Amino acid sequence: MILEEILKEQGLESEKVTTILAKMKESKLYITTEENAAERLKKYKEQKAKLEAELSAKTKDGETAGGELEQLKAKNAELESKLLQSTIDSKLTSKLMSLKATDVEYMKFKARDGVNLELDEKGEVKGLDDIVKGLQEKYPNQFTVEGGKKIDPNTLPMGKQGGNSPSTLAEALAEHYNKK
């Protein structure tokens, strides 16, 4: 359940809900399904700063051996990568939830399939809107629309029984159970 639905269930009007969500975005207050995402992000940043401080101090003192310097650089790169992936994952999750994806984890998997997601200068995921639009077109049943899920009727090919055969699964089931 997303925040918009919760607020509407509490009796708030659509205008007030829209205003609240706009103020949250303006204040850079985001909601994610990840538990303690802000704390984890803060922890990664602190670890990165600590490693950079250690590296800087040891480089100035001349104590750093070549191998230790490389280890610290590798650890720093690993933390930067985790921070980047965590940020991308959070933004992707938020976008999918706002579009009412029914299986957010699966849609995140499909969004990453064959695509290298990156952040732009503003800290937004490059091409996120296009990626999500493609997912909506390719997997329409994974997104809830007004009035429920969008269902593709999947008509059946005409069989050897002639023109009287049902053209959809629903018609075939209805015909089968109505005969009994």
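**Notes on the core, a loop residue and the pocket**

1. In this predicted model, the largest nonpolar core holds 17 residues, and those touching the most other members are Leu92, Leu96, Ala101, Met107, Leu117, Leu135 and Phe143. Two or more residues of this core come from each of α4, α5 (104–112) and α6.

2. Leu135, one of the core residues named above, deserves a separate look. Leaving aside residues up to four places away in sequence, Leu135 is in contact with Leu96, Met107, Lys110, Ala111, Pro140 and Phe143.

3. The loop between α4 and α5 contains Lys100, whose phi is near 60 degrees, a positive value in a residue other than glycine. Most residues other than glycine have a negative phi. Lys100 is partly exposed because its relative accessible area is 26%, which lies between the 20% and 50% limits of that class.

4. Turning to open space, the largest pocket has a volume of about 1200 Å³. Its lining is made up of 34 residues, and Tyr30, Ile31, Ser90, Lys91 and Ser94 are those that lie nearest the centre of the pocket.

5. Which helix gives the largest share of the lining of the largest pocket? That share, 10 residues, comes from α4, while α1 (3–9), α2 (14–26), α3 (37–61), α4 (66–98) and α6 (128–138) each supply at least two residues of the lining.

Note on methods
Residues are numbered from 1 along each chain as its sequence is written. This is a predicted model: local features need pLDDT of at least 70, side-chain atom pairs count only at pLDDT 80 or more; totals for chains, interfaces and linings use all residues. Side-chain values use heavy atoms; hydrogens and water are left out. On a 1 Å grid over the protein atoms alone, a cavity is a set of points where a 1.4 Å probe fits but cannot get out, and a pocket is an open set with protein on both sides within 12 Å along at least five of seven lines; lining residues have an atom within 4 Å of a point. Grid points are joined across faces, edges and corners, and a volume is the space filled by probe spheres set on the points. Helices (H or I, at least four residues) and strands (E, at least two) are DSSP runs, numbered from the N terminus. A nonpolar core is a set of buried Ala, Val, Leu, Ile, Met, Phe, Trp, Tyr and Cys residues joined through side-chain atoms within 4.5 Å. Buried means under 20% relative accessible area, exposed over 50%, partly exposed in between (1.4 Å probe, protein chains only). Contact means heavy atoms within 4.5 Å.
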